[in-house]
Amino acid sequence: MQANRHLILNSFTLKIIAMSAVLIDHVALLFINPTLTIYILMRIIGRIAFVLYAFFISEGVIHTKNTNKYLLRILYLYLIIQALIIGVLIYDPVIELRNIFATLGAGASLLIYFEKKEWKKVYYLLPFIIVSTINLLAYFTKDSWFIAFAGDNGFFGLALIIAFYVARKFSIYLLKKYPPSDNTAGEDAEKSAQHVYNVASCVSLLFVASIWYILSVYNSEIPHVALQSFSLISIPLLLLYNGKLGHNSRSWRIIYYSFYPVHVVMLALLFFIIKL
C-alpha cells in the first residue's frame with residue numbers, strides 16, 4: 001500500500017504531542033478568558049490529548065508483559081491527582097475537577113479482563129463498574145464531589161478506550177481472514193497490518209465522536225459534549241502511527257508518567273499565586 005510509506009509517527013512522537021496538547025488545554029482552562037477565540041482554539045487542540053492517551057491504554061494492555069504492574073502504575077497516578085483534587089475542593093467546594101486516571105484506569109482494567117480471558121477474576125471489572133456508577137451519579141446530581149471521582153471525559157472516554165481495543169481485535173481478525181498477498185512479506189506486511197489497525201482506530205474514533213455529536217443535539221447538558229466532536233482532529237495522527245516505540249529509555253518513561261501530575265501541580269500553584 002502506498003500509504004504505508006508514510007507511517008512516520010512512533011509512540012515517542014505521539015506521546016510528546018499528547019503531553020503538549022494536554023498542557024495547552026489546561027493552560028486555557030486555568031488562565032484564558034473563555035470568551036476569547038484563543039480559548040476555544042486551545043481547548044480544541046486539547047482534544048487530541050485524551051484520544052492519544054486512550055489509544056495508548058489499548059496499546060499498553062495488549063503489549064505489556066505485566067498487566068498488574070501496568071494497572072498499579074495507573075493507580076499511583078490516580079491517587080496523586082485525586083489527592084490534589086480533594087485538596088482543591090476543600091479550599092473551594094464548588095470547583096468542578098475530574099481525574100483523567102480514573103477513566104484510564106477503569107478502561108484499562110476492563111480491557112485486561114477481556115485480554116487475560118480469566119473470567120473468574122471479576123475483580124478486574126470493579127474499577128469500570130465503580131467509575132461508571134459515579135459518572136451516572138455525577139450527571140444526575142451535579143455534585144462537585146461526585147464529579148471529582150467521576151473521571152475526566154466520563155463515558156466518552158470509557159467508550160473511546162473500548163472502541164480502540166475493539167478496533168485492534170477486529171484488525172487482527174480481518175488480517176487472519178484476509179492475509180496480505182504472498183508477495184507482501186517482512187516489513188511491508190507489518191506496515192500493511194499497522195495501516196489496517198490505524199484505519200480501524202480512526203473508524204472507531206469517528207463512530208464514538210458521531211454518537212456524542214448526536215447526543216449533543218438532543219441533550220446539551222452532557223458534560224463537554226460539544227467539545228468531543230473536535231476529537232476527530234486526531235485522525236491524521238492515528239493514520240501516521242507506525243507502531244514503533246521510538247525513543248524508550250528509562251528516563252523518558254519516568255518523564256512521561258510523571259509529566260501529568262507534575263504539570264498539574266505547577267499550573268495549580270501558579271493559578272493560586274495569581275489568584276491571591
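## The largest pocket

Helix H11 gives the lining of the largest pocket its largest share, eight residues, in what is a predicted model. The volume of this pocket is about 1,400 Å³, and 43 residues line it, with Lys 15, Gly 60, His 63, Leu 245 and Tyr 257 lying nearest its centre. Besides H11 (250-275), the elements that contribute two or more residues to the lining are H1 (11-31), H2 (37-63), H3 (67-91), H4 (100-116), H7 (154-177) and H8 (187-218).

## Packing of H2 against H3

The axes of H2 and H3 come within 9 Å of each other and cross at roughly 150 degrees; because angles over 145 degrees count as roughly antiparallel, the two helices are described as roughly antiparallel to each other. On the H2 side the contact is made by Phe 56, Ile 57, Gly 60 and Val 61, which meet Thr 67, Tyr 70 and Ile 74 of H3. The residues of this contact are five nonpolar and two polar, with no charged residue. Gly 60 of H2, which takes part in this contact, is also among the residues nearest the centre of the largest pocket.

## Packing of H4 against H5

For H4 and H5 (residues 126-141), the axes come within 7 Å and cross at roughly 140 degrees, and these helices are therefore oblique to each other, in a crossing that is left-handed.

Here Ala 102, Ala 106, Ser 109 and Leu 110 of H4 meet Pro 127, Phe 128 and Val 131 of H5, a set that divides into six nonpolar residues, one polar and no charged.

How values were computed:
Residues are numbered from 1 along each chain as its sequence is written. This is a predicted model: local features need pLDDT of at least 70, side-chain atom pairs count only at pLDDT 80 or more; totals for chains, interfaces and linings use all residues. Side-chain values use heavy atoms; hydrogens and water are left out. On a 1 Å grid over the protein atoms alone, a cavity is a set of points where a 1.4 Å probe fits but cannot get out, and a pocket is an open set with protein on both sides within 12 Å along at least five of seven lines; lining residues have an atom within 4 Å of a point. Grid points are joined across faces, edges and corners, and a volume is the space filled by probe spheres set on the points. Helices (H or I, at least four residues) and strands (E, at least two) are DSSP runs, numbered from the N terminus. Axes are lines fitted to C-alpha atoms, for helices over the stretch in contact, and angles run from 0 to 180 degrees between N-to-C directions. Angles under 35 degrees count as roughly parallel, over 145 as roughly antiparallel, 65 to 115 as roughly perpendicular and the rest as oblique. Contact means heavy atoms within 4.5 Å. Ala, Val, Leu, Ile, Met, Phe, Trp, Tyr, Cys and Pro count as nonpolar, Asp, Glu, Lys and Arg as charged, and the others, Gly among them, as polar. A crossing is left-handed if the near helix is turned anticlockwise from the far one by less than a right angle, and right-handed if clockwise.
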